[in-house]
Amino acid sequence: MNDIINSATSRMEKSISSLGHAFNKIRTGRANPAILDDIKVDYYGNPTVLNQTASISVEEGRSLVISPWDKSLIPEIEKAIMNSNLGLNPNSTSDLIRITMPTLTEETRQDYIKQARAEAENSRVSIRNIRRDANQSCKELQVSGEISEDDLRRLEDLIQKETDKFIGLVDSELKSKESDLLEI
């Protein structure tokens, strides 16, 4: 019985983690190295994640500085950033790349808020699906006679409490992301 709840809780935590990762991809006006997490660079014929080929740091809150360990990679890194559809324009010198985060327009902010809300709704749906699966597992135990009807009700209540807790986490993450996006 506890296995069902532990499994559901673990899966719900993964949904929250996935939401955080999705939110990191949504650009705000501030520089955040996580926005570059999914960019892959052609590193001697192998697609390699950018942060494994260079150090990425924030400069003055609105700029990212990328310092490749191998300076010959600068053109490849620039090309990867330009092809990433993030709307970023890298400027390079002989040994580093600087990306100034463009200021968000009101229309862009609203588009990003819509995107964040869609990601949050996907997480809510995922959490509800996990609840449904856990409740189904509990009902199967009750049908097979392993637990009583009272135990079934207690388990369903515990699963619902976990679901409510994680839906609340999604809502608070969304509220935080929205306030970041609306910040000027």
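Start by selecting Arg-27, which you'll find in the loop between α1 and β1. Keep in mind as you click around that this is a predicted model. Is Arg-27 buried or exposed? With a relative accessible area of 9%, Arg-27 is buried, because the cut-off for buried is under 20%. Now show what surrounds Arg-27: setting aside neighbours within four places in sequence, its contacts are Ile-35, Leu-86, Leu-88, Met-101, Pro-102, Leu-104, Tyr-112 and Leu-181.

Arg-27 and Ile-5 are 22 residues apart in sequence, and their C-alpha atoms are 35 Å apart in space.

Which residues make the contact? On the α1 side, pick out Ile-4, Ile-5, Thr-9, Met-12, Glu-13, Ile-16, Leu-19 and Phe-23. On the α4 side, the residues include Leu-155, Phe-166, Val-170 and Lys-177. Colour the contact by class and you get 13 nonpolar, 2 polar and 4 charged residues.

Stay with Phe-23 and bring in Ile-127. Of the 27 residues in the largest nonpolar core, these two touch the most other members. Helices α1, α3 (106–143) and α4 each supply at least two residues of this core, and the largest share, 9 residues, comes from α3. Zoom in on Ile-127: leaving out neighbours within four places in sequence, Ile-127 is in contact with Met-12, Ser-15, Ile-16, Thr-163, Phe-166, Ile-167 and Val-170.

There's a second, separate core to visit, with 19 residues, including Leu-36, Ile-39, Ala-54 and Ile-81. Follow Ile-81 to helix α2, residues 74–82, where Ile-74, Ile-77, Ala-80 and Ile-81 are buried. Look down the helix axis: these four cover an arc of only 125°, which puts them on the same side of α2.

For the last stop, select Thr-48 in strand β2, residues 46–49. Thr-48 counts as buried, at 13% relative accessibility. Leave aside neighbours within four places in sequence, and Thr-48 is in contact with Ile-39, Lys-40, Val-41, Tyr-43 and Thr-53. You've already met Ile-39, as one of the residues of the second core.

Conventions. Residues numbered from 1 in each chain as written. Predicted model: local features only at pLDDT ≥ 70, side-chain atom pairs only at ≥ 80, totals over all residues. Heavy atoms only, no water. Buried < 20%, exposed > 50% of the residue type's maximum accessible area, 1.4 Å probe, protein only. Contact = heavy atoms within 4.5 Å. Nonpolar A, V, L, I, M, F, W, Y, C, P; charged D, E, K, R; others polar. Core = buried A, V, L, I, M, F, W, Y, C linked by side-chain atoms within 4.5 Å. Arc of directions from axis to C-beta.
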